[in-house]
Every structure is written in structure tokens, then in C-alpha cells.
Amino acid sequence: MTAGDVLVLNASYEPLQRVSLRHAIKMLVREVAVIEEAADDSFGPFPRPRVLRLVRYVVARWMHRRSHLCTKSAIKARDRSCAYCGGLAETVDHVIPRSRGGALTWENAVAACLRCNHKKGNRTPAEAGMPLLITPSRPASFVA
């Protein structure tokens, strides 16, 4: 994966694949995808995409289902909003902090806004007095 890679989500917000920036721009020009998350700079008339979502749902049975495909972008796509306050999801928070042995897994990571992530810090949600609005779990499309 390079810095120019763009995550492509299905219309249902499930991660499909990563494509090059050039391929992503072609998808935008053909209007088969819309930008879900963009970088601060631009690429011609388009904001530089980090995450694209297809306009129409694509059946991806032919793809190898990778149960270990747990990325920060996929967590944000799964949750769509902050798991603590319901606001804009800007980052990913580990329910059990990494410093305490928590890993980036479907069950231990949630989308969070910067404010809640900073407020929770190196504590569990219970220790921080910040109950989760969701129960993090593996998306149905990745269940073996």
C-alpha cells in the first residue's frame, strides 16, 4: 500500500479494494463513485480522495473474503459516526488501549471524533465514564 492508494467502499459502505489515485480520479470522472473522505489538497478540480464509495452496489462474491481486513478506514466506514457522542467520525479509538495490549480488531476498535478520542485517552470507556453507543463487531460480510 502506498500513500496514494484510495480505499473503495461498496454502496453499502463495505470495503472492497484499494486503487491508485489515478484509478480513483477516473472513477470520479465516470461518476461511478463519490468521495467519502478527502485529503486537504486537491487533484485538479477534485479534492484528493482517501475513501471512495460506489454509487451503485456491486455484488463481490468473486472477491476473496479476507476476515482479517480490519483497517482504520474500514472501522470508520462500519461505524459512520463517533461511538461515544454520535458526532463526525474523524479517527479510530481502541476500546482497550494499545498500551494495555489492545489490538486493531473489529471487536476492539470504534470510530471516534477527535474530542472524544482525546478525552478517553489511555483509559477504557468505563474508566473514562464514556459508554459506547454501539457494540463493536465484525461486519456480516466478513464472517467466515
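Which residue forms a salt bridge with E37, and how far apart are the closest N and O atoms? The partner is K76, with the closest N and O atoms 3.2 Å apart; a salt bridge is here a side-chain nitrogen of Lys or Arg within 4 Å of a carboxyl oxygen of Asp or Glu.

## Basis of the model

The model is predicted: local features need pLDDT of at least 70 and side-chain atom pairs count only at pLDDT 80 or more, while totals for chains, interfaces and linings use all residues. Residues are numbered from 1 along each chain as its sequence is written, and side-chain values use heavy atoms, with hydrogens and water left out.

## Overall architecture

The chain contains four helices and six strands, arranged along the sequence as β-β-α-β-β-α-β-β-α-α. Helices (H or I, at least four residues) and strands (E, at least two) are DSSP runs, numbered from the N terminus.

Of the 144 residues in the chain, 40% are buried. Buried means under 20% relative accessible area, exposed means over 50%, and partly exposed lies in between (1.4 Å probe, protein chains only). The chain exposes about 8800 Å², of which carbon and sulfur atoms supply 54%; accessible areas come from the Shrake-Rupley method with a 1.4 Å probe, and for residues only the protein chains shown count as cover. Among contacts with a separation of 6 or more, 55% involve residues 24 or more positions apart, a contact being heavy atoms within 4.5 Å.

## The four-stranded sheet

Four strands form an open sheet in the order β2-β1-β4-β3, with mixed pairing. Two strands pair if DSSP finds at least two bridges between them. The edges are taken by β2 (15-19) and β3 (33-43), each with a single partner strand, so one side of each is left without a neighbour in the sheet. On average, neighbouring strands of this sheet are turned by 30° against each other, direction ignored.

Strand β1 (residues 6-9) runs antiparallel to β2 and is joined to it by four bridges. Within this pair, L7 stands opposite R18 in β2.

## Helices on the sheet

Helix α1 (residues 21-29) lies across β1, β2, β3 and β4 (46-54), and runs at about 75° to β4. Helix α2 (residues 72-79) also packs on the sheet, where it touches β1, β2, β3 and β4; its direction makes about 35° with that of β1. Axes are lines fitted to C-alpha atoms, for helices over the stretch in contact, and angles run from 0 to 180 degrees between N-to-C directions.

In α1, the buried residues are L21, A24, I25, M27 and L28. Seen down the axis of α1, these buried residues fall within an arc of 155°, so they line one face of the helix; the arc is that of the directions from the helix axis to the C-beta atoms. An α-helix has 3.6 residues a turn, so residues three or four places apart point the same way. The cover over the buried residues of α1 includes β1, β2, β3 and β4. Exposed residues R22 and V29 are carried on the face of α1 turned away from its buried side. Just after α1, E31 takes a positive phi of about 60°.

## Salt bridges

Seven salt bridges are found in the whole structure. The E37–K76 pair links distant parts of the chain, with E37 in strand β3 and K76 in helix α2, 39 residues apart. E37 is partly exposed at 23% relative accessibility, whereas K76 is buried, with a relative accessible area of 16%.

A further salt bridge joins the side chains of D93 and K120 (3.2 Å, N to O). D93 lies in strand β5 (residues 91-94) and K120 in helix α3 (residues 114-120), so the pair ties together parts that are 27 residues apart in sequence. Both D93 and K120 are buried. R100 forms a salt bridge with E127, with 2.9 Å between the closest N and O atoms. Because R100 lies in the loop between β5 and β6 (109-112) and E127 in helix α4 (residues 125-128), this pair ties together parts that are 27 residues apart in sequence. R100 is partly exposed at 43% relative accessibility, and E127 is partly exposed at 45%. Salt bridges that share partners join E37, R50 and K76 into one network.

## Surroundings of D79

D79 is found in helix α2 and counts as buried, at 13% relative accessibility. Apart from its neighbours within four places in sequence, D79 is in contact with A109, V110, A111 and I134.
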